[in-house]
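Visitor: I have this one open on my screen and want a quick tour. Can you walk me through it?

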Amino acid sequence: LSRAILESSRHKEISLADELELLESYLKLEQMRLPKIAYKFLVADNVPTYDCFIPPMILQPIIENSVKHGLANKTEGGTITIEMLFEGENLKVIIDDDGIGREATANLNRFKKKPSSFSSEANLNRIELLNEIHDLKIEQVIIDKIEDRKACGTRVELIFPQVMA
């Protein structure tokens with residue numbers, strides 16, 4: 001996994017197929033550490049994983065946050081779902097977890113005297129930089145899921161414009 005991550009980081013973009021393979025390896029490792037978590041990939045039939053490209057290491061930090069902060073802090077098991085579909089000419093990636101939510105995580109970290117999430121801010125800065133340098137239009141939206149006035153996870157939606165041949 002480390003070798004694959006280092007190799008992918010050398011490229012401006014990688015195929016979605018390669019990214020999915022990296023994410024699967026990462027989640028398998030996390031599942032060994034936290035057997036209570038589950039994950040699933042939902043890739044729409046119209047997503048050409050070998051002909052669709054995204055910048056490397058954009059999805060992994062988001063998934064890591066879901067596991068590390070949202071799911072690991074739940075007493076019972078939790079699930080992270082990674083969904084990929086096309087909306088027009090854009091690849092939409094949805095990372096959805098049923099963890100404890102960002103507010104509860106922030107409260108836990110306050111008591112543990114941990115700093116706010118570095119990787120979330122770094123990832124947003126990286127997306128802004130990629131958009132500026134490479135004239136991309138990657139978008140990210142973070143949604144705090146709430147049911148009955150109680151946090152029930154986090155959903156991150158990313159849009160990657162695609163140039164399809």
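Visitor: Start with Lys-92. Which residues does Lys-92 touch, not counting those up to four places away in sequence?
Guide: This is a predicted model, so take every contact as a prediction. Lys-92 touches Glu-83, Met-84, Leu-85, Glu-87, Glu-157, Leu-158 and Ile-159, leaving out residues up to four places away in sequence.

Visitor: Where is Lys-92 found?
Guide: In strand S5.

Visitor: Buried or exposed?
Guide: Buried. The relative accessible area of Lys-92 is 13%, and the cut-off for buried is under 20%.

Visitor: Which side chain does Lys-92 meet in a salt bridge?
Guide: That of Glu-157, at 3.6 Å from N to O. Lys-92 lies in strand S5 and Glu-157 in strand S7, so the pair ties together parts that are 65 residues apart in sequence. Glu-157 is buried too, with a relative accessible area of 17%.

Visitor: Now Asp-96. What does Asp-96 form a salt bridge with?
Guide: Lys-145. The closest N and O atoms are 2.6 Å apart. Asp-96 is in strand S5 and Lys-145 in strand S6, so this pair ties together parts 49 residues apart in sequence. Both residues are buried.

Visitor: Which residues do salt bridges with shared partners join into one network?
Guide: Glu-87, Lys-92, Asp-96, Lys-145, Arg-155 and Glu-157.

Visitor: Why would such side chains pair at all?
Guide: Opposite charges can pair when the charged atoms come close.

Visitor: How many salt bridges does the count come to?
Guide: Eight. One of them is between the side chains of Lys-74 and Glu-76, at 3.7 Å from N to O. Lys-74 counts as buried, at 12% relative accessibility. Glu-76 is partly exposed, at 44%.

Visitor: Back to S5. Why is S5 largely enclosed by the rest of the structure?
Guide: Because seven of its eight residues, in the stretch 90-97, are buried.

Visitor: What about S4 and S5: how many bridges join them?
Guide: Eight. S4 covers residues 78-87, and the two strands run antiparallel. The bridge partner of Thr-81 in S5 is Asp-96.

Visitor: How many bridges join S5 to S7?
Guide: Eight bridges there as well, again antiparallel. S7 spans residues 150-161. Asp-96 stands opposite Arg-155 in S7.

Visitor: And the turn from S4 to S5: how many residues are between the strands of that hairpin?
Guide: Two. Gly-88 takes a positive phi near 65° in that hairpin.

Visitor: Which residue other than glycine has a positive phi near 55°?
Guide: Asp-135. Its place is in the loop between helix H5 (118-133) and strand S6 (139-147). Asp-135 is exposed, with a relative accessible area of 60%. Asp-148 also has a positive phi, of about 50°, although it is not a glycine. Asp-148 sits in the loop between S6 and S7. Asp-148 is exposed, at 77% relative accessible area.

Visitor: Switching to the surface. Which residues make the nonpolar patch of about 300 Å²?
Guide: Leu-1, Leu-29 and Met-32. Leu-29 is in helix H2, residues 16-33. At 45% relative accessibility, Leu-29 counts as partly exposed.

Visitor: Zoom out. How many helices and strands are there?
Guide: Five helices and seven strands. From the N terminus, the order is α-β-α-β-β-α-β-β-α-α-β-β.

Visitor: Of the contacts with a separation of 6 or more, what share comes from residues 24 or more positions apart?
Guide: In this chain, 69%.

Visitor: Last topic: confidence. Where is it lowest and where is it highest?
Guide: Lowest in helix H4, residues 102-111, at a mean of 66. Highest in strand S2, residues 37-43, at 97. The chain averages a pLDDT of 87, and 89% of the residues score at least 70.

Visitor: What should I do with low-pLDDT coordinates?
Guide: Where pLDDT is low, predicted coordinates should not be read in detail.

Methods. Residues are numbered from 1 along each chain as its sequence is written. This is a predicted model: local features need pLDDT of at least 70, side-chain atom pairs count only at pLDDT 80 or more; totals for chains, interfaces and linings use all residues. Side-chain values use heavy atoms; hydrogens and water are left out. Buried means under 20% relative accessible area, exposed over 50%, partly exposed in between (1.4 Å probe, protein chains only). Helices (H or I, at least four residues) and strands (E, at least two) are DSSP runs, numbered from the N terminus. Two strands pair if DSSP finds at least two bridges between them. Contact means heavy atoms within 4.5 Å. pLDDT is the predictor's confidence in each residue, from 0 to 100. Patches are made of residues with over 30% relative accessible area and no salt bridge: like charges are joined within 9 Å, nonpolar side chains (Val, Leu, Ile, Met, Phe, Trp, Tyr) within 5 Å. Accessible areas come from the Shrake-Rupley method with a 1.4 Å probe; for residues, only the protein chains shown count as cover. A salt bridge is a side-chain nitrogen of Lys or Arg within 4 Å of a carboxyl oxygen of Asp or Glu.
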